[in-house]
Amino acid sequence: MTTDPHHHESDAFITTAVEQHQGALLRYATRLLHGDADRARDVVQDTFVRLMAQPRAQVEDHLVEWLFTVCRHRALDFLRKDTRMTPLDPMAAERFSSPDPMPGPDIERRETSAAVMAMIDRLPPNQQEVIRLKFQNGFSYKEISRITSLSVGNVGFLIHTAVMRLRREMAGQPE
Amino acid sequence: MAEHKYEPVMSTQSILPDDPRLTAYALGEMDSVERQEFERILAAQPEAQAWIEEIRSVADSLESSLRDEPMPAAVVVSSHVLERGRARRRPAILRFPQLYFVVSGLAAACFAVFVAVRDRPAAGDEAGKKVLADMGNRAARESPGAMPAVATDESATMELTGTVAAPEDTFFPVADAETSTFPLHVGRESYQAVRDALTRGRRPAPATVRVAEMINAFSYAWPAAKSGEPFASVLEESAAPWNPKHRLVRIGLKATGHEGTRVADDARVEVQFNARQVAAWRLIGFDGGQPAIGLAGVDGEPMFGGSAITVLYELIPVAGGTTGDGTDLLTVALRYRQPDSESVESVAWHLAAGNHRFEDASPDMKFVAAVAAFGIGLRGTDPAVAVPPPTVADWAASSASSPERAEFLGLMRASGSIQR
C-alpha cells in the first residue's frame, strides 16, 4: 500500500494536463459522440479523473496518447450504452462546423479550409478519425494504433486510402 | 550483406498507387530499414516519387485546415472532481476500495455533480450475495477441505456442487473469495497437440486440451509499452458469448523491456472483484487438476522482457446485472520486486463495469473467447459452454489477423464433422 506524498506536485501535473489537453480532447470526444458536446464534456472529465487515479510515472512519458486512448474508450462506452443516440443533432452540427470566431485566417485560406473540411466530412468515420489523429493531433501511426486498438498496418492503410481519395478530390478528379 | 540478400527480390517489385507505404514514407512513418528498402524501389520509379510529392501536399492542406477547426470551449474541472480523483488513488493498490462513487454519467448537463456513497451497497445486491455466500459456506462445512463452490446456473435451480470435483465449471462466490490469482507463465504444448490432431482429422484427446495454453499460443495486440513502464496491460469486458447473462473479462499482462531481460522477480498477480458488481467468478482454462489455481496464491514468478499472459474470467453479475456507473468491475494488481531490490513494488489497473455486447468486443477478445469455448468443448467438461465449433469460429470470423489464427479457425470449422 502506497500513499502519494507529493499531492501538490501531482495536482500541478493534473492541472497542467487539463489546461493543455482538454480542448483537443473535447474536440475529439465531440466527434466520436456525433456532436454531443455535453456528453463529450462528461467523457473528457472522466478521462481526467482516471488520470488522477493513475501513478504519474506510468503515464508521464506518453500522456497525450494515454489521454486520447482513455477518452476514446469512454466515448465508445457511452455510445454502446446508449444505442438510441441519434446520429447528429442539427444544432450541434452547426455549432461544430461554424467558422473559427478568432480573427486570423484570411478569406481565401478559410474557403480552402472549408472545402477541405467538407471533403474530410465525406470520408468514412474510421478514416476521418485516423486522419484527425494524424493531421490534427500529430500522433504517429504507432500512437494511433495504440489509441484505436487498430494494427499499425491497418492505420497506415486507412490513412493512405483517405489521403489518396482526398488527393483525387482536391485535383478535381472523379473517384 | 543485407543488400545482396534483398536486392534480387526488390528489383522485381514495383509500387502501385494503392500501396500504403507511399503515405507511410511521405509522412516519415518508416524506420530506417524500411525507408532504405523503399528508397531503393523508389529510385527506379519516377511516377511513385511524384505521388509522394502529391501526398505531402495533401498532408499540408490537411494539417492547416484541421488546425483551423474550432476547438470547443474549455471545460473546467471542479474541485469535486479533484477530490474524487484523490480518493481513487488510495485504493488503487490491492485492497478493496472502501469508498464508492456513483457518477451519473448520463446527467450530461450537470457534469460537476458527483454523489459519494460510503459503504452502502445496494440492498438487492446484498441479498444475492448472501445466497451465494450461504451456499458456499454450507459447501465448505459439508466437505471439509473443499473449496466453497456453486454451480454455474444462477437461476432458481442453482445447484450446490459441494466439492470441486468438476472445478472447470465451478464459480466461486465473491462473498467468500473476493480475490483471485493466476500464473504468469503457461506452456504452449497443448496448442501444438490440438493442432496436430485436428490437422490429421482426429479429435484431440481431452487430456491434451489445455485451454490456457491454447489461448496463450497466439499473440495479441498490446497498448502503450513505454520505456520505464515495466508492464503493459489489456483489460476488457463484454457479455459471454455462450451466456449473455454472464460477463467475460480478458486480462492480458506483458512484461516490457528487452526480449529476455529479467524484468521483475517474485511477480504475483491479484484480481480483486467488486462485490457490488460481481456475485461469482471463475478463471477459465486452467487444468482440472488444479482447482485452487484461481483461488490459492501461486508462487511468485520471475517475468522476462516480452513474456506475456492472457487469461479469461467469466463473471456472474449481481442480481440486476452490472451497472456502468463508473465503479470498477475489478482491479488487477501486480506485485513484484526489481531483480536487485528488496522492496516490493506494485502496479494496479482498473476495469470499469460495463455492459458491452460481445459483438462489439475487440478482435482479440472475440478470438480468445472462441479459442476458450472451442477448447472447453473439446475437453467436454462444461456443458454450459457446449457450442458447435462452426458457430464458435463465426464469433472470431473478423479476428483472423494472422495466418496462425486463420488456420486455427479453419481447423475449428472443420472439426465440426470429426467424430469422437
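How many bridges join strand β11 (residues 328-337) of chain B to strand β12 (residues 344-352) of chain B? The legends below begin with that pair.

**View 1. Strands β11 and β12 of chain B form a hairpin.** Nine bridges join the two strands, which run antiparallel. Six residues lie between them. B:Tyr336 has B:Glu345 of β12(B) as its bridge partner. Strands (E, at least two residues) and helices (H or I, at least four) are DSSP runs, numbered from the N terminus; two strands pair if DSSP finds at least two bridges between them. This is a predicted model, where local features need pLDDT of at least 70, side-chain atom pairs count only at pLDDT 80 or more, and totals for chains, interfaces and linings use all residues. Residues are numbered from 1 along each chain as its sequence is written, while chains are lettered from A and ligands numbered from 1 in the order in which they are written.

**View 2. Helix α7 (residues 189-199) of chain B has buried residues.** They are B:Ser190, B:Tyr191, B:Val194 and B:Leu198. Seen down the axis of α7(B), they fall within an arc of 100 degrees (taken from the directions from the helix axis to the C-beta atoms), so they line one face of the helix. The face turned away carries the exposed residues B:Glu189, B:Asp196 and B:Thr199. Buried means 20 or more other C-beta atoms within 10 Å of a residue's own, exposed 12 or fewer, with C-beta atoms placed from the backbone. Just after α7(B), B:Gly201 takes a positive phi of about 75 degrees.
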